[in-house]
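Reader: Hi! Could you walk me through a few local features of this one?
Author: Happy to. Here it is.

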Amino acid sequence: MKIIVIATIVWLCCTINAASQTQTSIKGKVVEVPSEIFLKEVLIHIKNTNIFTKTNSNGEFSIENIPIGKQIIQISVEGFSSQNLPINLLENETYNLGTIFLYKAINKLEVTSIISLSDDDLLGDKDGSSDYIAGLFQSSKDTYLKAAAFNFGQAWFKVRGYDSSYGIISINGVEMNKLFDGRPQWSDWGGLNDAFRNQDFTNGLAPSSTTFGGILGSTNFSTRASDYQKVSKVSLSATNKSYTGRVMATYASGLNKNNWAFVVSGSRRIANEGYLEGTSYNAWAAFLAAEKKLNNNHSLNLTAFIAPNRRGKSSPNTQEVYDLKGYTYNAYWGNQEGDKRNSRMKEIMEPIVMLSHYYTNEKTSLKTTLAFQFGHIGNSRLGYFNAPNPDPTYWKYLPSSYLRFEDNLDYANAYLSEQEFLDNGQLNWKELYRVNVNNGNSLYYLYEDRVDDSQISFNSIVNTIFGENTQLNAGISYKNLTSKNYGNMLDLLGGNGFVDLDQYAENEAQQNDLNNPNRTVKVNDKFQYNYLINANETSAFSQLQFTKRNLDYFVGINLKNTSYQREGLYKNGTYSTNSFGKSEKLAFFNFSIKGGFTYKFTGRHLLNFNGAYISNAPTIRNTFSNSRVNNNITPDLTSEKIVTADLSYMFRSSKFQSRITTYFTKFSDAVETSFFFAEGLLGDQADFVNEIITGVDKKNIGIELSVDYQITSAIKLLGAAGFGQFTYDNNPQLYIQSESFTDENSNFGTAYLKNYHLSGTPQKAYSLGFEYRDPNFWWFQASTNFLSNNYLDISPLLRTDNFYTDTDSVPFVDDETGVEVTQEQVNSLLIQEKFDDAFLVNLVGGKSWLINHNYVGFFLGINNVFGEVFKTGGFEQSRNANYPELKQDKQLNKPIFGPKYWFGNNTSYYLNLYVRF
């Protein structure tokens, strides 16, 4: 904390005492493409300063007395695509930018606004999309990163294999990554594509003016009202993805004569059923930004937005289920009085209000934002107590369950169960109501896992140039989170009430709250679990950037202090001594440093190197091993450490641009947690358990290639390739916690994970395509994409000694050989599944017309043109936790507890029609 205080004092001094600097100047001419007509009244603005001018009748401009160092020249005028030109300005020089060409705003503006925050891509769940990172790269101009976002993204591709938590998303400088799991909740601003168009993207470890950043890079959305181009726009969209229709409207006033600027935007997205069965979608969104320019140096900006979203989830399934019901099958819904009712609905409503102050002069810019976020996230599901499992894909209801024993193959019942599943195979809501009405109290019920968060955030960032060719970026931030977590009863399904008991426990341990035993729960009552999380995070970063004629380099540091505390509001029967009241208060201090340089051999040949040591505090999710029912802290808990470096060679010419990058990243001391039901624990025990893996090391290495070749003035060739290898790099410790496994016997020892592949992304990806831009304002792009080396998520529990040893710690005897199981037999049974390669063709194009000074246009994108069937992810089930049970299951023609998968969409489209006036 002393270090943070010192850093804060240094930062404050820099905001007050910006050193003197030398000035320079620029000039140039702006013309229209393709007519080359001079454009007058084009705004030329030096970003983050009050320095600007407009072009004259000949399209010419000049600006003097510009601060030296790295600057961004913003060029904009109504009806044309804006340009941001980065430039390094040296002292006492005049830079002639030559002729700058502006295109009519007919395509890319619309494409980005449609694709950038695609709801299919950014749902934010563990149903295959939680780690998706396309949104981070939506504004990148690099061909490889654009391919990663728009072409590879449909296969859940992760750049360099990084989780989305390693990229920083911020709005007006305030970080949006959740303290719970480190990931941004994109749905909080879903449907507000136009409102969140203004963004600054920094790739990887490159320096950012707003944050220290993450190893995946950073994106800062600016909602400063005066930064929006004056526009009125209405658009209509149709698609066959997560929603089927969208309407969106946006108005931006520009800065008026009274020095006010306003932006208003809203949207509606809806689907009775999306691409997958039973996945309804219902979302609204609203946005307001208002800025008052107080004088030439000070401005205040108020931002408020809300995006309530309610949608149906889809189930992962075994291959047996997909073979019977098809690849759009979803086990979570059933018919109720003619409607498809989904038992697993996700509801998000977390409005955010921000107040920002901007101070700029010729030397320094200072941005300070205070933000408040509140609201809730709910995930519903069916519960049951002492009643048959209502899941239509429960293993006992499938044909394979009748064919599991070689000496008792029941083909008759297998056939009958198959026909029943084919004819019905969905939730039977009517039967659930019937059972409850007959019983009185509810044996089946619908509830939600509810999180009510309220968070106050503060952030202040200074950017200043001092000395010769030196720029300082520094900032401080603070977050305070109060998170209420509880089970919430939604529907008793015809019953009179539900007794708050745990069906997996016995005797006193059944009580979810010993302070209120045998409590009858009604609709909207809290039950099962109820606790608070209080979290605080304070951080400060500082970064220096140096600009020379042939060499640019930077160095940055980040200091962060994080604390968590759980407060249990229920006294759980299983954990009666360690569930009620406050837990130990945990604090983590983290230090990170990064640096890099770019050496310019010539204007065309550049070499770039970046390196970093990063230390990240464990998230709330990983700190408390089972926060719903106890105060237990994850064993051996420590901060995650990351060592990473990348080296790039870049070539740039008027027609050809390319980049080749090699990278290395080593993760140490990570934590992974999961929950599941397992049999065969310590030989013959079965329980619903919490699995914790500590001290996890991972290694990500690879190469990236980007090629962009302008064949003619209208045709461009685009190529991208990524070759990666992402693996576990050690054998961590594994713990199991449940009613049966207490602290004394929870350590299951070493999990032998080293050299297994990390899951959740293709590790190799290739794209080749072209783009055609016609002078008559229509355009077309086609790409072919090949993705490979995507692997199934392995079960760590199956890779411990528990897997092949019996209750006496002696290896199992193989039923075929009659001798003890060998390591070769174990390895053969646990081979990691590699998914089939995927070949995807994507098409996209659009056209616009200028009618009475208004723009009318459309955009159409078609993904997976040939309807390729491909797996995007999946996981091994841990149900069969020992060698004999798993071997028996895998020998079946259709394993009962085989892996569960997610599949990508078949051919999908997105059509957007818009009017700008």
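**Loops, a strand residue and a sheet**

Author: F777 counts as partly exposed at 26% relative accessibility (partly exposed lies between buried, under 20% relative accessible area, and exposed, over 50%, with a 1.4 Å probe and protein chains only). This is a predicted model, where local features need pLDDT of at least 70, side-chain atom pairs count only at pLDDT 80 or more, and totals for chains, interfaces and linings use all residues. Residues are numbered from 1 along each chain as its sequence is written, and side-chain values use heavy atoms, leaving out hydrogens and water.

Reader: Thanks! Where is F777 found?
Author: In the loop between β39 (764-774) and β40 (778-788); strands are DSSP runs of E with at least two residues, numbered from the N terminus. The phi of F777 is near 70°, a positive value in a residue other than glycine.

Reader: And H853, buried or exposed?
Author: H853 is exposed, with a relative accessible area of 73%. Its loop runs between β41 (838-851) and β42 (854-863), and H853 has a phi near 70°.

Reader: Switching topic: what is the strand order in the open sheet of four strands?
Author: The order is β3-β2-β5-β6, with antiparallel pairing; two strands pair if DSSP finds at least two bridges between them. β3 (52-54) and β6 (83-89) stand at the edges with a single partner strand each, so one side of each is left without a neighbour in the sheet.

Reader: How many bridges join β2 to β5?
Author: Four bridges join β2 (residues 43-46) to β5 (residues 69-76), and L43 has S76 as its bridge partner in β5.
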